[in-house]
Amino acid sequence: MARLRSFVAVEISPPLWPSISMAQTRLRERGWQDVKWVAPENLHITLKFLGDVDTHRLTRLGELLQASLADLPTFHVELGTIGAFPNLRQPRVLWVGVDQGQRQLRELAAEVQKVWYRLGNSSPDKPFH
């Protein structure tokens with residue numbers, strides 16, 4: 001059976017892409033040329049990293065998530081501080097914090113985790129943040 005490296009995420013809204021692109025340009029100009037930059041339209045907020053998952057299980061997860069999340073209210077997310085792993089001097093992964101909408105994202109991630117667990121998967125090894 002086919003397997004895909006997968007995650008559940010919230011997409012970044014297209015109106016934010018130009019601002020993100022501008023921030024990436026500024027960071028490159030400040031010496032972060034060696035970072036592998038991702039196109040703004042591919043950026044996202046990861047709610048749950050799944051790993052390699054068979055396609056049948058992904059289809060089922062999508063169905064369950066659609067049913068489980070359908071009635072959740074929409075909410076606004078405001079992006080904040082930029083950081084990096086392992087650190088800002090040697091960035092391998094850049095991240096952007098969330099100033100507004102943190103609680104709603106945590107609740108959304110918790111619901112995703114519940115559905116994932118109902119499919120027979122293990123509980124998370126680290127909390128969502």
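View 1. Glu-63 counts as partly exposed, at 43% relative accessibility. The structure shown is a predicted model. The side chain of Glu-63 meets that of Arg-60 in a salt bridge, with 3.2 Å from N to O. Arg-60 also counts as partly exposed, at 38% relative accessibility. Helix H2 covers residues 55-69, and within helix H2 Glu-63 and Arg-60 are three residues apart, a separation of about one helical turn. This salt bridge is one of three in the structure.

**View 2. Glu-107 and Arg-103 in helix H3.** Which side chain does Glu-107 meet in a salt bridge? The partner is Arg-103, and the distance from N to O is 3.0 Å. Both residues lie in helix H3, which spans residues 102-118. Glu-107 and Arg-103 are four residues apart, about one turn of the helix. The relative accessibility of Glu-107 is 44%, and Glu-107 therefore counts as partly exposed, given that this class lies between 20% and 50%. Arg-103, at 47% relative accessibility, counts as partly exposed.

**View 3. Glu-111 and Lys-114 in helix H3.** Glu-111 forms a salt bridge with Lys-114. The closest N and O atoms of this pair are 3.9 Å apart, and the distance meets the salt-bridge rule because the cut-off is 4 Å. Glu-111 and Lys-114 are three residues apart in helix H3, and about one helical turn separates them.

**View 4. The aromatic pair of Phe-85 and Trp-95.** By the ring-centre rule, the count of aromatic pairs comes to one. The ring centres of Phe-85 and Trp-95 lie 6.3 Å apart. Phe-85 is partly exposed, with 47% relative accessibility. Trp-95 is likewise partly exposed, and its relative accessible area is 34%.

**View 5. The peptide bond from Phe-85 to Pro-86.** Is this bond cis or trans? The peptide bond from Phe-85 to Pro-86 is cis, and its omega is near -5 degrees. Most peptide bonds are trans.

**View 6. The protein chain as a setting for the close-ups.** The protein chain contains three helices and four strands. Read from the N terminus, these elements follow the order β-α-β-α-β-β-α. The C-alpha trace spans about 45 × 35 × 25 Å along its principal axes. The protein chain has 129 residues, of which 26% count as buried. Among contacts between residues at least 6 apart in sequence, 64% join residues at least 24 apart.

**View 7. Surface and charges of the protein chain.** The protein chain exposes about 9400 Å², and carbon and sulfur atoms supply 53% of this area. How many positive and negative side chains does the protein chain have? There are 16 positive and 13 negative side chains. The centres of these two sets lie 6 Å apart.

Notes
Residues are numbered from 1 along each chain as its sequence is written. This is a predicted model: local features need pLDDT of at least 70, side-chain atom pairs count only at pLDDT 80 or more; totals for chains, interfaces and linings use all residues. Side-chain values use heavy atoms; hydrogens and water are left out. Helices (H or I, at least four residues) and strands (E, at least two) are DSSP runs, numbered from the N terminus. Buried means under 20% relative accessible area, exposed over 50%, partly exposed in between (1.4 Å probe, protein chains only). Contact means heavy atoms within 4.5 Å. Accessible areas come from the Shrake-Rupley method with a 1.4 Å probe; for residues, only the protein chains shown count as cover. Lys and Arg count as positive and Asp and Glu as negative; His and the chain ends are not counted. The place of a charge is taken as NZ of Lys, CZ of Arg, CG of Asp or CD of Glu. Rings of Phe, Tyr and Trp (its six-membered ring) pair if their centres lie within 6.5 Å; planes under 30 degrees apart count as stacked, over 60 as edge-to-face and the rest as tilted.
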